[in-house]
Amino acid sequence: MRSELHFDAVVIGAGTAGLVAGTRLAQEGARVCVLAKGVGSTHLAPATIDVLGYAPDRVDAAGAGLEQLIAARPDHPYALMGAELVSVALTWFVQTVQAGPLPGYIYGGSLEHNQLLPTAVGALRPSALVPETMAAGEASSLKRVCIVGTPSLRDFHPSLCAGNLELAGIEARAVSLDLKVERADMNALGLARHFDDEKWRRQFCAELSLALRAEEHVGLPAMLGLRDPHGVLADVEHRLGRRVFEIPTLPPSVPGMRLYEILRAALRAAGGRLVLGAEVVSHERDGDRVTAVATRAAGRDLTYVAPSFVLASGGFASGAIELDSRWVTQDRVLGLPLRGVPARDEPRFLSRYLDEQPMARVGVAVDGDLCAEGAENVVVAGAALPGAIPWREGSGEGIALASGYRAAQVVRAQSKPTAAIA
Amino acid sequence: MSPAGEGNDLFVAELLRGSLDHCVKCTICETACPVSNVTPLFPGPKYAGPQSERYRIADEPSVEWSVDYCSGCGICSQVCPQGVKIAEINAQARNKLKRDKGFPLRDRIITRPTWLGRAGTPAAPIANFTLRFKPFRVLGEKLLGVHRDAPAPKFAGRRFSRWARKRVPGDRAGGSSLTRKIVYFHGCGTEYYEPWEGQKVVEILEHNGFEVVVPKQDCCGLPLQSSGLFDEGRKVVLRLARALREHVTDEDTIIVGNATSCTLMLKREAREILSLEDDPDLKFVSERTYDICELLLELHDRGELKTDFAAINESVAYHAPCQQQGHWVGKPALDLLALIPGLEVREMNARCCGIAGTYGLKVEKYELAMSVGRDLFDQVAASGAPTVACDSETCRWQITHGTKLPSVHPIDYLHRSYGL
């Protein structure tokens, strides 16, 4: 007895790449199911769309930077997709956010100009698209800023952030506000919940007003609510009489949770299914094709049969690609061949953590259509792709978004063998 | 427990425990925990689970008491991207804590729905009156610790199994020939409180050509398990597994239930949390148990579900209970309800209704459970839907308590739409 479920396409992974691929497929009328072991990387990342920040020097316009990168690095994921596709995917994303469940909440920016936004330590990070709640933190418009923290949020140090912004030439100071929350170990999510409450917000603004000076922008840890960040931002700015912006925090990421909700809702609205807790534990093949994957559901394994699969399971961070204690590197999801694994006599790791680590470029080997080597109907998207080092390049979300979008195109083209891949 | 059982216990507990090494402290479980998001009493699944577990030593007293506030909803394990068995680790820790502290009499009573059902059914009008009579509830709170305002289900005064025994099989099948046998696990909620739900299940299944067998059955042991009474829970669930297995006479026969938390108990929780992986009867039953919506959607996906659905021009709010999500099959009810013409389904996006079986009945947890449910109640109100569909009976009672709106199983709409 086996439970067998049939779909036009099955997507593995519910991070940005997987949700975008699933949504696009569903929007095109495919019966699609997104399977994920758990919630993906959205909840951990700042939720800005960083397309290209460093190559290796800081990039001012991601679009122009892309052209150069593509010319210089034909093995880079962007080179497989092309700059035009990145632009199309970004436009789609902006529209999807706008049509999403958070009223009025939008992303802004372009490939012409990277915005420099403060991180939690006060470094300036280049992003192509940012949520409106972060927009006022753009370094070029930031003359005087007050970074506000609270002792309850122990992973956010306003003086560290302000100190580093000072070094970047911005007049910055820090204020620590005792928010008198009842728990000692509050995270940004707990505070976001408070910000959703109008009464609490009023109290917060009243107290903060006393500490503010004229003409100062206010930088807060990213916690301006989950339900209605657009409304919360407008309300807080109105009450404080100045521009306010969010600074990404350590996980959990409140803007990341909003992004997940937007993409999840888009998938559902398009008729796609999402199954969480569905770890892919085995698969079946017929020659060069994967014919089915099985997940461990409660009580029994479920078999998902489809003509095409999108592998958006992430890289080393998610555990989908593994370097084990015997120095064997493998794709733990479908056992596909990898690319970029250093040879036995080559260095795997460099001594400094943030160096250009050789292992970091490892990913599932793909052809020019992102199809996996040895499995022609598996299209790879996101951090599972080889050739990029997202945290050095500032390219993770751009790759996830564009490759998720591209993967859906390739799957659709596969299902219509006569049509050229659009 | 026998010494052999204890050995197995330790082994399974160690397997669950071993999963904590996969925890990368990403906090995704904390974003999803219904309880820690509303109270400082529970510091969250990561803290109470993988972090505290490192300090828990066999035969030493419990180090950390907040885990008693974990409601056992299981969402943390579902969202964990690294496969840590957070909820299961916490269930083990809670059991140990309860054994250290001793079990209150209350936990031995409210975890026995079969006893309560048998006692209450013949005297339903009196029992129902008493359960809604404030002075009695105040007394119950003082003596037993069951909160005076907690939602108490109404005894139907008749038992589902009587109806099932008396009826003529296929009398509402509308000419469908009953070609495939299916074993129906109705659970205590259907037996004593909502027998009509069971009738609808039977009629929908017969409409789709199933011959429905209703074995004599009792509780699945979930309430015992969730209150930490593991030994008692094991006895109860194994008795049920044997009763169901007896009726599975061929390889193709499957078991279906409409109480989603109870089918999950059979499928996974008893095996993992009660360390019963090795029991052959439970394994056999577990592998072929379906939640009703899971089964119907699977039939539909295979083109085997009848789709003679008449329009229902209404809107309904749907809440997928935590335990339904623990089946790890998505939200099949959403796709089933979408098959009904005219029905406008509004998916609620709240964590949990708060009740978590018997958690929200307890005097020290009632207010907490209501705060957990607040988000859902508010979303239901904002949706404007006149009715809430939800797969779990205790959740439905809590939702009705919190929203003052009727709450039904999603199959109610299918039954109506079929015109049965």
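In the predicted model, the contact between the two chains draws 34 residues from chain A and 32 residues from chain B. On the side of chain B that touches chain A, the elements giving two or more residues are helix 2 (28-32), helix 4 (75-79), helix 15 (260-273), helix 16 (280-287) and helix 17 (292-301) of chain B. Sorted by class, this side of chain B comprises 11 charged, 11 polar and 10 nonpolar residues.

Strand pairing in chain B was examined next. Strand 1 of chain B, which spans residues 180-185, pairs in the parallel sense with strand 2 of chain B, residues 210-213, over 4 bridges. Within this pairing, B:V212 of strand 2 stands opposite B:I182. Strand 1 of chain B also pairs with strand 3 of chain B, residues 254-257; the sense is again parallel, and the number of bridges is 4. Here B:I255 of strand 3 is the residue opposite B:V183. In a regular strand, side chains alternate between the two faces of the sheet.

A further position considered in chain B is B:K96, located in helix 5 (residues 86-101) of chain B. B:K96 is classed as buried because 20 C-beta neighbours lie inside 10 Å, and the class requires 20 or more. The C-alpha atoms of B:K96 and B:E60 are 9.9 Å apart in space, while the two residues are separated by 36 residues in sequence.

How values were computed
Residues numbered from 1 in each chain as written. Chains lettered and ligands numbered in written order. Predicted model: local features only at pLDDT ≥ 70, side-chain atom pairs only at ≥ 80, totals over all residues. Contact = placed C-beta atoms within 7 Å. Nonpolar A, V, L, I, M, F, W, Y, C, P; charged D, E, K, R; others polar. Pairing = 2+ DSSP bridges. Buried ≥ 20, exposed ≤ 12 C-beta atoms within 10 Å, placed from the backbone.
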